[in-house]
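Welcome, and thanks for opening the viewer. Let's walk through this one stop at a time, selecting as we go.

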Amino acid sequence: MNPALAGASIVTAAQMRAAEVACFAAGVSQVALMERAARAVAQQVARFARSRPVLVLAGPGNNGGDGFGVAWVLAEWGYDVTVATLGQDWNGAAAVMRDRWTGPTTDLDDATPRPVLVDGLFGIGLTRPIAAPVRGRLATLAAAAELVVAIDVPSGSFADQDASDGVEADITVALGALKPCHVVGDTARCGHLILADLAIAVPGDTRLIARPVLHPPSRADHKYTRGLVIVIGGTMPGAARLAAGAAARGGAGYVVLASDDARVPFDAVVSRKPDAIAAMLADPKLGAVLIGPGLGRDDEARTRSEEAAASDCPLVIDGDALALASIDQLACRTAPTILTPHSGEFDRLFGTGGGNKLERTRDAARRSGAIVVHKGADTVIAAPDGQSIVAHPPAWLSTAGTGDVLAGIAAARLAASRDPMRAAIEAVWLHARAASLAGPAFVADGLAMHLPQAIAECL
Ligand SMILES: NC(=O)C1=CN([C@@H]2O[C@H](COP(=O)(O)OP(=O)(O)OC[C@H]3O[C@@H](n4cnc5c(N)ncnc54)[C@H](OP(=O)(O)O)[C@@H]3O)[C@@H](O)[C@H]2O)[C@H](O)CC1
Ligand SMILES: [K+]
């Protein structure tokens with residue numbers, strides 16, 4: 001998680017264009033906006049170029065216009081710059097930038113590599129894959145460069161798709177706002193991501209995660225107002241135990257582990273026999289129920305899962321309980337629901353239909369009426385109203401049991417606030433932060449120990 005980008009907006013190419021139009025309508029000229037973009041990119045190139053010769057690629061559209069602008073600014077600052085072009089006819093602001101550029105210019109076909117490559121071939125206007133010869137030239141020039149800086153998006157990446165193609169950049173300077181290709185899919189091709197916001201107002205319903213603000217307990221609080229969490233276990237009691245421990249360390253006031261296995265993660269977690277689940281679910285003091293970690297998929301698991309789904313309790317559904325759930329049943333719930341699928345569980349429940357991960361997760365939230373936490377290296381949290389948040393948790397979390405820990409934290413946060421979107425965001429942030437604090441190669445059993453420190457950072 002890059003703190004410099006915390007809370008940054010993520011917009012589609014169409015939303016970006018609409019925001020630009022609104023900016024023009026408010027009196028900013030196209031040339032002025034392109035000049036802002038060019039200066040912002042040139043500043044980043046200058047930070048890292050160390051006076052090395054620069055080759056700027058200028059494509060046929062406004063990304064190319066930005067490229068001419070970058071070349072013009074860098075040359076003014078004393079850099080040795082050459083421009084290689086793809087295309088002949090530039091319009092509007094791009095033509096103005098092209099005319100400002102009076103330095104050495106070649107065709108892309110004839111360009112020779114230089115240590116610093118600025119990629120202004122294609123931006124958000126890419127409509128089809130780049131033709132093989134051009135892709136080949138781009139790859140050759142990029143491979144021979146010591147530093148590749150992409151303007152807006154790495155050329156070849158479609159702004160609205162999971163990043164899966166395009167040049168591999170060391171630095172990408174996103175213009176105006178982040179786009180889906182910067183945050184979902186193989187985002188490594190963007191290299192170090194920098195946002196130049198250019199003072200354009202953009203929609204804010206999709207954002208990168210930011211550190212949540214948590215409130216310490218008040219003098220009037222007691223264990224039930226802090227949140228009573230029930231974790232329903234099953235055939236693999238260790239997973240439910242991990243989740244119960246994480247719920248307790250995640251700020252719950254009281255945690256009950258309903259499991260045939262009487263072992264608890266520590267004494268503060270209370271063990272109950274699961275034959276009393278119906279009575280437990282009817283407890284008006286109940287803050288949230290977690291079902292799924294270690295549940296299994298036998299008849300008993302199905303009964304417990306159906307009982308939980310049919311209850312009025314705020315519910316977190318994870319692991320095996322996701323395999324036992326149905327979208328119709330979820331959509332009928334009136335109490336808050338959080339689902340925490342990894343990609344396999346997500347595909348089984350919601351299908352493998354098209355769109356990027358953001359679109360698919362938003363669609364799943366709309367269909368199920370639940371908050372969906374679609375886990376992965378790019379975790380997407382989506383609400384039925386279209387609000388969505390993207391997080392990039394540490395890769396060290398890719399180890400057994402960390403999902404149970406996340407589900408436990410989500411239950412604790414849900415019991416505390418009863419607001420499932422807020423709870424999901426808090427849980428994902430705290431989980432990722434605890435992983436960072438745990439350092440490399442931790443085991444899931446030790447992860448929750450770092451939650452108090454992560455919580456302290458949010459007060
Ligand atoms: N967001 C901001 O605040 C600002 C962004 N700016 C920059 O503008 C680009 C978007 O510019 P746009 O002109 O819309 O698009 P591109 O430059 O990406 O490319 C469009 C041209 O490329 C042609 N095209 C598309 N795909 C291909 C392809 N595979 N092969 C060859 N040519 C292709 C397309 O023509 P077609 O009609 O053939 O599709 C266009 O000619 C944005 O990314 C920013 O860099 C502004 O500077 C202002 C601030
Ligand atoms: K580019």
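A word before the first selection: UniProt positions are given in the numbering used here, and the annotations may be inferred rather than shown by experiment. Keep in mind, too, that you are looking at a predicted model.

**Stop one: three annotated residues.** Select N63, D119 and S155, which an unreviewed UniProt entry lists under the feature "binding site". How far apart do they sit in space? They are spread over 93 residues of sequence, yet they cluster, with a largest C-alpha distance of 9.4 Å. From this set, N63 belongs to the lining of the largest pocket. Colour strand β4, residues 116-120, and you will find D119 within it.

**Stop two: the ligand.** Now show ligand 1, whose space is the largest pocket.

- I124: a polar backbone atom is 3.0 Å from an oxygen atom of ligand 1.
- T127: a polar backbone atom is 3.1 Å from a nitrogen atom of ligand 1.
- L175: a backbone N or O atom lies 3.5 Å from a nitrogen atom of ligand 1.

How much of ligand 1 does the protein cover? On its own, ligand 1 has 930 Å² of accessible area, and the protein covers 80% of that.

**Stop three: the annotated domain.** Select residues 206-458, where UniProt, again in an unreviewed entry, places the feature "domain: YjeF C-terminal". This span is 43% helix and 16% strand, and its end C-alpha atoms lie 21 Å apart.

**Stop four: another annotated set.** Finally, pick K375, G376, A377, D378, T379 and G403, which carry the feature "binding site" in the unreviewed UniProt entry. Although spread over 29 residues of sequence, these residues cluster in space, and the largest C-alpha distance among them is 14.3 Å. Where does G376 lie? Show β15 (371-374) and β16 (379-382), and you will see G376 in the loop between them.

Methods. Residues numbered from 1 in each chain as written. Chains lettered and ligands numbered in written order. Predicted model: local features only at pLDDT ≥ 70, side-chain atom pairs only at ≥ 80, totals over all residues. Heavy atoms only, no water. Helix = DSSP H or I, 4+ residues; strand = E, 2+ residues; numbered from the N terminus. Polar contact = N/O pair within 3.5 Å; in protein donor to acceptor, adjacent residues only side chain to side chain. Areas by Shrake-Rupley, 256 points an atom, 1.4 Å probe, with all protein chains shown as cover. 1 Å grid on protein atoms, 1.4 Å probe; cavity = no way out; pocket = protein on both sides within 12 Å on 5 of 7 lines; lining within 4 Å. Sits in = over half its atoms within 2 Å of the grid points.
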